Amino acid sequence: MSEALLDVRDLVVRYGPVTAVDGVSFSLAAGETLALNGPSGCGKSSTALAVLQLRRPAGGEVRFEGRELTSLTERELRPLRPRIQPVFQDPYGSLSPRHRIRDAIAEPLKVQGRWHPTDGPARVAGLLDRVGLDPAYGDRRPHELSGGQCQRAGIARALACEPRLLVLDEPVSSLDPSVRAGVLNLLADLQDDLGLGYLFICHDRAVVRHFADRAIEMRDGRVTSG
Amino acid sequence: MESEAQPPSEALLSVRDLRIAFDGVEAVRGLSFDVRPREVLAIVGESGAGKSLTARALLGMLPRDATTSGTISPDLSAARGRRISLVPQDALSALSPVHPVGDQLAAAVRSVARVSRAKARARAVAALERVGIPDAARGARAYPHEYSGGMRQRAVIAMATVNAPEVVVADEPTTALDGERRDQVLRLLAERREAVGAALVLVTHDMDAVRGHADRVLVLYAGRPTELGPADEVLDHPRAPYTAGLLASLPRSATPGRRLPALRGTPPAPGTPAPGCAFAPRCPIAAGPCHTTEPEPRQAAGRLVACHRWEELPHPAADLFLQERRPA
Ligand code: SF4
């Protein structure tokens with residue numbers, strides 16, 4: 001078997017005395033979509049935060065491309081962070097309201113020292129086009145975009161980091177029904193073309209059945225099936 | 001809109017040519033429909049379609065800067081809480097954080113009926129019991145923040161039905177809830193509505209909530225009615241391209257494979273209507289008059305349909321909405 005892109009073993013996440021995730025294990029291959037399903041409060045979002053290392057786990061392992069992340073220092077994690085990118089439910093919340101879309105997409109490139117004034121703007125335009133947005137939208141600010149357009153811009157920003165794994169936390173849940181299918185199609189295309197792994201958190205079973213290769217059910221911080 | 005098949009005397013509420021504008025920009029642009037006694041009428045549409053504004057208009061709860069025209073008769077807004085009531089999306093906002101839930105319910109009872117405090121209190125506890133609050137006597141003494149999200153929603157349903165109104169307006173009552181709890185809340189709403197004999201106006205963007213819960217459905221797009229008819233017939237065989245596209249793009253009805261039928265583009269922002277049909281930029285069968293004349297709702301296939309070309313729409317229509325895959 002080829003090496004998993006992500007391998008989570010016996011994950012435990014605590015918030016003070018509350019154990020939100022209690023011994024969860026799963027693995028995910030490149031190009032694969034694994035759904036985490038379950039009612040609100042079941043621990044799926046805490047699992048996502050732990051995979052992103054935005055919440056440090058209290059126990060267990062998170063192995064990404066063969067490297068164990070939980071034991072790394074913040075400094076050691078820094079070069080790995082771009083490779084695991086989140087896309088959150090609220091498309092407006094993940095982009096700064098004050099920045100133009102093109103600056104929001106350029107920012108990760110700049111932070112990583114991969115911004116070149118000569119070809120940078122063209123790269124940003126290419127990313128916008130890639131997510132199905134007219135590059136002219138780069139001049140706008142988030143509130144001047146619809147929810148679906150804004151979510152596409154958020155995906156473009158994630159792609160700027162050249163990730164291997166996207167943690168999609170309810171990425172279409174707040175979108176209007178008539179634009180939801182378009183964003184799901186975009187995610188499917190990106191996965192096919194780039195071989196991204198998706199950890200897909202979603203409470204809508206119909207969406208999960210359609211979109212995910214596999215699903216695991218969580219309840220009360222544990223995996224109940226999958 | 002033309003009058004509906006039922007004579008007006010049958011209607012509990014009649015809305016005629018309702019228009020709601022902000023700063024001269026119309027968000028609801030001419031809407032007519034009836035609410036019939038004891039029916040469940042779903043109003044579906046996306047954000048900006050005008051569905052919540054329409055619901056607020058029924059209740060007389062529009063923001064102060066709204067300008068309205070048209071008629072809603074009878075005007076029940078003065079009898080809010082008695083003849084018409086609201087189940088809002090956000091249960092917390094409907095409850096006062098500083099009073100026990102039972103006190104709030106008892107106050108609602110006493111606002112319409114001259115009953116003793118003790119009696120109002122007993123009714124409040126009974127109302128909580130009926131919506132399935134465990135140990136209702138104790139639940140009545142608890143504050144809203146001590147309730148779980150699902151219990152709060154139940155309490156709000158108890159509040160909305162305790163005075164046996166004629167119309168309950170539920171504005172996205174399940175948006176904040178996940179699958180299982182969504183069904184529970186919808187079932188409870190249906191049950192309570194039935195018990196008190198009220199009509200339910202269910203405002204939602206969730207087509208799943210319509211199926212199995214609504215008698216009729218009114219589909220709105222960009223402040224205009226698109227289709228109005230028996231819920232099952234509209235869902236099984238939509239006649240307006242927007243309804244058809246929306247239904248086809250839901251994951252479940254998709255043909256196997258990873259790409260879903262999808263509507264291109266996004267709904268128009270209010271105040272930017274091009275001449276013609278508001279859906280034309282996204283419509284796969286738009287032609288001729290679609291670009292010049294806004295379609296009026298007309299009787300078609302046992303319902304009202306606002307579309308110049310509804311007869312051209314194939315069934316099923318999913319293939320119309322399959323998009324070319326974007327090259328990498
Ligand atoms: S009127 Fe024309 S554009 Fe509008 S929905 Fe019908 S066919 Fe499409």
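How many residues does the contact take from chain A and from chain B? I looked this up first. The contact (heavy atoms within 4.5 Å) takes 29 residues from chain A and 28 residues from chain B.

**Ground rules.** I am working with a predicted model, in which local features need pLDDT of at least 70, side-chain atom pairs count only at pLDDT 80 or more, and totals for chains, interfaces and linings use all residues. Residues are numbered from 1 along each chain as its sequence is written, chains are lettered from A in the order in which they are written, and side-chain values use heavy atoms, with hydrogens and water left out.

**Interface.** I noted a buried area of about 2,400 Å² between chain A and chain B, that is, the accessible area (1.4 Å probe) that two parts lose on being put together, summed over both. Carbon and sulfur atoms give 44% of that area.

I then looked for salt bridges (a side-chain nitrogen of Lys or Arg within 4 Å of a carboxyl oxygen of Asp or Glu). The count between the two chains is one. Arg259(B) and Asp189(A) form it through their side chains, at 2.7 Å from N to O.

For polar contacts I used N or O atoms within 3.5 Å; within protein, one must be able to donate a hydrogen and the other to accept it, and residues adjacent in sequence count only if both atoms are side-chain atoms. Five residue pairs across the interface qualify, both residues being at pLDDT 80 or more.

On the side of chain A that touches chain B, the elements giving two or more residues are H4 (120-130), H6 (177-194) and H7 (205-211) of chain A. Helices here are DSSP runs of H or I with at least four residues, strands are runs of E with at least two, and both are numbered from the N terminus. H6(A) supplies the largest share, 13 residues.

**Glu172(B).** Is Glu172(B) buried or exposed? I recorded it as buried, because its relative accessible area is 7%; buried means under 20%, exposed over 50%, partly exposed in between (1.4 Å probe, protein chains only). Glu172(B) sits in the loop between S6 (167-171) and H7 (179-196) of chain B. Its side chain makes a polar contact of 3.4 Å with that of Lys51(B). Beyond four places in sequence, Glu172(B) also touches residues including Gln89(B) and His205(B).

**Pro86(A).** I found Pro86(A) in strand S6 (residues 84-87) of chain A. Pro86(A) is partly exposed, at 24% relative accessible area. Outside four places in sequence, Pro86(A) contacts Leu52(A), Ala158(A) and Val167(A).
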